[in-house]
Amino acid sequence: MLENVVIITGGAQRVGLCVALDLIKAGYQVVVTYRTHRLGVEELKQNGATLIQTDFSNQDGIDNFIQWANENIQSIRGLIHNASDWQGESSTNCNNLIAECMMQIHFHTPYQLNLALTDLMKKLDMADIIHISDYVIEKGSDKHIAYSASKAAMDNLTLSFAKLLAPSIKVNSILPSLIVFNEHDTESYKTKTLKKSVLGIEPGEAEISNAILFILNSRYMTGRQLKLDGGRHIL
Ligand SMILES: NC(=O)C1=CN([C@@H]2O[C@H](COP(=O)(O)OP(=O)(O)OC[C@H]3O[C@@H](n4cnc5c(N)ncnc54)[C@H](OP(=O)(O)O)[C@@H]3O)[C@@H](O)[C@H]2O)C=CC1
Ligand SMILES: Nc1nc2c(c(=O)[nH]1)N=C([C@H](O)[C@@H](O)CO)CN2
């Protein structure tokens with residue numbers, strides 16, 4: 001049985017992969033869920049992580065992961081909700097499917113995992129739930145309407161679960177704006193996006209790792225948001 005683990009969802013690439021590797025470097029025992037088998041999965045296995053292939057897009061996926069966790073984990077130190085799908089209304093899917101898909105991964109999955117795994121987190125004197133939301137919930141988005149609303153729903157879970165699970169479990173949100181571009185992003189999109197913050201940089205995935213390590217080491221932060229946005233709000 002695995003003890004004192006930090007679970008991170010969607011860890012096969014980009015932010016999740018960086019966070020999982022940095023948590024391992026910091027001495028944590030890490031469980032990583034992934035949907036698509038990517039190079040990062042092998043790198044994580046070589047570094048001692050426990051990998052579990054999980055697709056949260058349907059109820060079976062959520063139920064199967066909860067069953068696996070209860071059968072294989074003795075205690076949970078952290079539960080990091082990173083898995084996410086950044087779909088806009090302009091994509092080919094019809095819009096009501098986008099709304100279902102966004103709510104499934106950004107609300108139903110963290111909501112159900114938080115409730116189902118509470119007892120394993122309460123086995124320890126201190127545990128953390130971290131919701132990786134998005135700066136965009138503060139102003140909405142005309143291109144990612146369902147994405148933004150679903151991330152706002154995720155962020156609201158922080159307030160309710162922080163109240164419900166105190167004092168042994170802290171619950172916080174991270175609200176990033178640009179962290180790392182996607183491969184398909186054009187130069188004009190990158191230039192336009194960098195101008196949206198006063199710091200004007202693409203900070204990279206370690207920005208999220210640093211925030212998560214701060215939260216895990218805190219004894220006094222719960223029900224709060226860490227906003228990692230380069231000063232977009234003061235532009
Ligand atoms: N990148 C950025 O600049 C920003 C990121 N964020 C947030 O930070 C977090 C990490 O961002 P980033 O690394 O870019 O994320 P990605 O877009 O790379 O997605 C992370 C992972 O989530 C997995 N995932 C998506 N849907 C599901 C599902 N239904 N079931 C299981 N896994 C799923 C994907 O799996 P698969 O590999 O199969 O596709 C992917 O590997 C996200 O929550 C994101 O919303 C917020 C603001 C800015
Ligand atoms: N799941 C994801 N969510 C988000 C991503 C991403 O790549 N995957 N990217 C962004 C953008 O960086 C945006 O913050 C700035 O263009 C937002 N969310």
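Tutor: Let's take the labels one by one and set each value against its definition.

Tutor: First, the ground rules: this is a predicted model, with local features needing pLDDT of at least 70 and side-chain atom pairs counting only at pLDDT 80 or more, while totals for chains, interfaces and linings use all residues. Residues are numbered from 1 along each chain as its sequence is written, and chains are lettered from A and ligands numbered from 1 in the order in which they are written.

Student: Why is G230 called buried?

Tutor: A residue is buried if 20 or more other C-beta atoms lie within 10 Å of its own, exposed if 12 or fewer, and partly exposed in between, with C-beta atoms placed from the backbone. G230 has 23 other C-beta atoms within 10 Å, so it is buried.

Student: What does G230 touch, leaving out residues up to four places away in sequence?

Tutor: S177, S197, V198, L199, G200 and I201. Contact here requires C-beta atoms, placed from the backbone, within 7 Å. G230 itself is in the segment after β7 (225-228), where helices (H or I, at least four residues) and strands (E, at least two) are DSSP runs numbered from the N terminus.

Student: Why does S150 count as buried?

Tutor: S150 has 28 other C-beta atoms within 10 Å, so it is buried. It lies in helix α5 (residues 145-165), and M102, M103, H106 and F107 are its contacts once neighbours within four places in sequence are set aside.

Student: Why is R14 called partly exposed?

Tutor: R14 has 18 C-beta neighbours inside 10 Å, so it falls in the in-between class. N4 is partly exposed too, because its count is 15 other C-beta atoms within 10 Å.

Student: What makes the phi values of N4 and R14 worth a mention?

Tutor: Most residues other than glycine have a negative phi, and most peptide bonds are trans. N4, in the segment before β1, has a positive phi near 60°. R14, in helix α1, has a positive phi near 50°. On the peptide-bond side, A166 and P167 are joined by a cis bond with omega of about 5°, and P167 sits in the loop between α5 and β6.

Student: How do you know that β2 and β3 pair?

Tutor: Two strands pair if DSSP finds at least two bridges between them. Strand β2 (residues 29-34) and β3 have four bridges, in the parallel sense, so they meet that definition. One of the bridges puts V31 with T50 in β3. Strand β1 (residues 5-8) is also joined to β2 by four bridges, again parallel, and V6 stands opposite V30 in β2. Over at β5 and β6, there are six bridges in the parallel sense, with N172 in β6 as the bridge partner of I130.

Student: Why are β3 and β7 called edge strands?

Tutor: Look at the whole sheet: it is open, with seven parallel strands in the order β3-β2-β1-β4-β5-β6-β7. β3 (50-53) and β7 each pair on one side only, and that is what puts them at the edges.

Student: What makes β6 largely enclosed?

Tutor: Eight of the eight residues of β6 are buried, so the rest of the structure largely encloses it. On one face those are I169, V171, S173 and L175, and on the other K170, N172, I174 and P176. β2 is mostly covered, with five of its six residues buried.

Student: What makes a nonpolar core, and which members of the largest one touch the most others?

Tutor: A nonpolar core is a set of buried Ala, Val, Leu, Ile, Met, Phe, Trp, Tyr and Cys residues joined through C-beta atoms within 7 Å. The largest one has 56 residues, and V19, A20, V30 and I76 touch the most other members. Beyond its neighbours within four places in sequence, A20 is in contact with I8, G11, V30, V32, L44 and A49.

Student: How do you know which residues surround ligand 2?

Tutor: A residue is near a molecule if its C-beta atom, placed from the backbone, lies within 6 Å of it. For ligand 2, that gives S84, D85, W86, D134, S177, L178, N182 and T193. Ligand 1 is surrounded by 26 residues, with G10, R14, R35, T36 and S84 the closest.

Technical notes
Two residues are in contact if their C-beta atoms, placed from the backbone, lie within 7 Å.
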